[in-house]
Amino acid sequence: MRILQTIGLLVAVGLLCFAVWFYRTTRDYPEDARRPPVVTYPAEFQLPAGTPPESPARRTVIVMLIDGLAPAMVEAQATPALDRLRREGSWTHHMLPPFPSMSLSSGFTISTGCWPEHHGIVTNRFFDPERGLYDHSFDADWVTACEQLHEVAERQGVPAAALGWYGEVSASRGKLASTVRYATTLEEFPPDHLRAEQITELLRLPEAERPQLILAYFKGPDELAHFSEIDDPEVREAVTAADRAVGAVLDAIEAQGLEEVVALIVTTDHGLVPVTHLINIGYILRKHGIEARMLATGTTAFVYLDDPSTRADALAKLSGYPEFELVLPEAPPPWYHLGSGPRTGDFIVSARPGYAIEDRGMLPWFVRWVAWVGPEIVGSEVLVASHGYPPDTPGIEGVFYAWGSGVRTGHELTRVDAIDIHPTVTHLLGIAPGEPVDGKVVWELVADPDAAH
Ligand SMILES: [Zn+2]
């Protein structure tokens, strides 16, 4: 009798331990970890000291950044507004994002015209030794150097609007543009047609009140295209919605008679590449006894070793996996522009095309235990496409269209680098780029480059 009682007790304790473990595997990854954290900031906008009283801008520039708008999506369906930009402007389907091709690192690169090694937003989630965890934040205080487009404009007397834009607010300095539309979570970001309405409302303002630089982030097809093929009706609808948003802005420009004074740039932060498998990086590190903090998003994992002296051993254990390469700051590939600062970690695990390395939070909750027990590679049942790959990966390029005042008509560009968008925008405005800046003006799209030089 006593033996049965003991066995019963052991089974009960065992079941309880299993339940606690299983609960932990499902619960220790917060569901809201992929949403930008709330930034509280002083509400008043202060013009920078020494701002000239008159705007020197020679035209108005609008930048619409549509998240995850891959060339393949545009080529697969009717996009009348984007087609018009191609016919009447300069364009390319080879807009090269920085490495890793993640939304925040690419968006801050476009806004600052600097490589991530200079602006400091090295991926969507990273560790900073002083500030701690960076997680999809729009707070300009995370930026280590370089200036955002709206800061550069305001400093030179050009009123700017930043609508859901990178670094539009700063916890220490407040709003960084005359007009901002800061939203704390992706859910609070307006749908694309309402974002387009925010732009058209600004265009309807009297000239004296109208911003001359309008920077607007659109959710685009990114979120849906991670989980559905590009020919899925929902993804197609998101691409149509983005195209309609561009059409609405074009209509507003014409309705206000502003064709002669407005230049419009439509671009994206990255393309998307099909994915069939997930690299179970948490398990792989655990299996090899590599003690480190690790942050994985998209197709890269940034590894911060607990003890730097274990680095050679860790690299030896992780070399030879055909599913990923190890990216090392001391042997940078040509597309590596992340520097060797502490945010970059000890090394980066970078997936080969077809593989992704999202944190286990990307797995359905009932299979997150595989991060503890393996296997090393998991078939991707949920995620069908990802980004983060190096810029020379086919499919990771984005779209880029420029149209309107000062832009060459009907011209296909060879390529545009993300860092070159900022200096091209400031050139069209007629002001100096930020200091410092890594990119250069895309002269190929300027209507009269000889006169401009
Ligand atoms: Zn993105």
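Me: What share of the residues in the protein chain is buried?

Reply: Buried residues make up 47% of the 453 residues in the protein chain, where a residue is buried if 20 or more other C-beta atoms, placed from the backbone, lie within 10 Å of its own, exposed if 12 or fewer, and partly exposed in between. Please keep in mind that this is a predicted model, in which local features need pLDDT of at least 70 and side-chain atom pairs count only at pLDDT 80 or more, while totals for chains, interfaces and linings use all residues. Residues are numbered from 1 along each chain as its sequence is written.

Me: And how many helices and strands are there?

Reply: The protein chain has 14 helices and 22 strands, counted as DSSP runs (helices are H or I with at least four residues, strands are E with at least two) and numbered from the N terminus. Its radius of gyration is 24 Å, close to the 22 Å that the globule rule gives for 453 residues, so the chain is as compact as a globular protein of that length. That radius is taken over C-alpha atoms, and the rule is 2.2 Å times the number of residues to the power 0.38.

Me: OK, domains next. Where do they run?

Reply: Domain 1 covers 60-272 + 392-452 and domain 2 covers 274-386, with bounds that come from an automatic or database domain assignment. The contact between them takes 24 residues from domain 1 and 22 residues from domain 2, two residues being in contact if their C-beta atoms, placed from the backbone, lie within 7 Å.

Me: Which element gives the largest share on the domain 1 side?

Reply: That is strand 3, which supplies four residues of the side of domain 1 that touches domain 2. Helix 5 (116-119), strand 3 (125-128) and helix 8 (222-227) each supply at least two residues there.

Me: What does strand 3 pair with?

Reply: Strand 3 is joined by four bridges to strand 4 (residues 132-135), and the two run antiparallel; strands count as paired if DSSP finds at least two bridges between them. They form a hairpin with three residues between them, and Phe-126 has Tyr-134 in strand 4 as its bridge partner.

Me: Switching topic: is strand 16 buried or exposed?

Reply: Five of the five residues of strand 16 (residues 347-351) are buried, so this strand is largely enclosed by the rest of the structure. In a regular strand the side chains alternate between the two faces of the sheet. Here both faces are covered, with Phe-347, Val-349 and Ala-351 buried on one side and Ile-348 and Ser-350 buried on the other.

Me: Which strands pair with it, then?

Reply: Strand 14 (residues 300-305) is joined to strand 16 by four bridges in an antiparallel arrangement, and Ala-301 stands opposite Val-349. Strand 15 (residues 324-327) also pairs with strand 16 in the antiparallel sense over four bridges, with Phe-324 standing opposite Ala-351.

Me: What about helix 13, how many of its residues are buried?

Reply: Nine of the nine residues of helix 13 (residues 421-429) are buried, so this helix is largely enclosed by the rest of the structure. Among them are His-422, Pro-423 and His-427. Just after helix 13, Gly-430 takes a positive phi of about 90 degrees.
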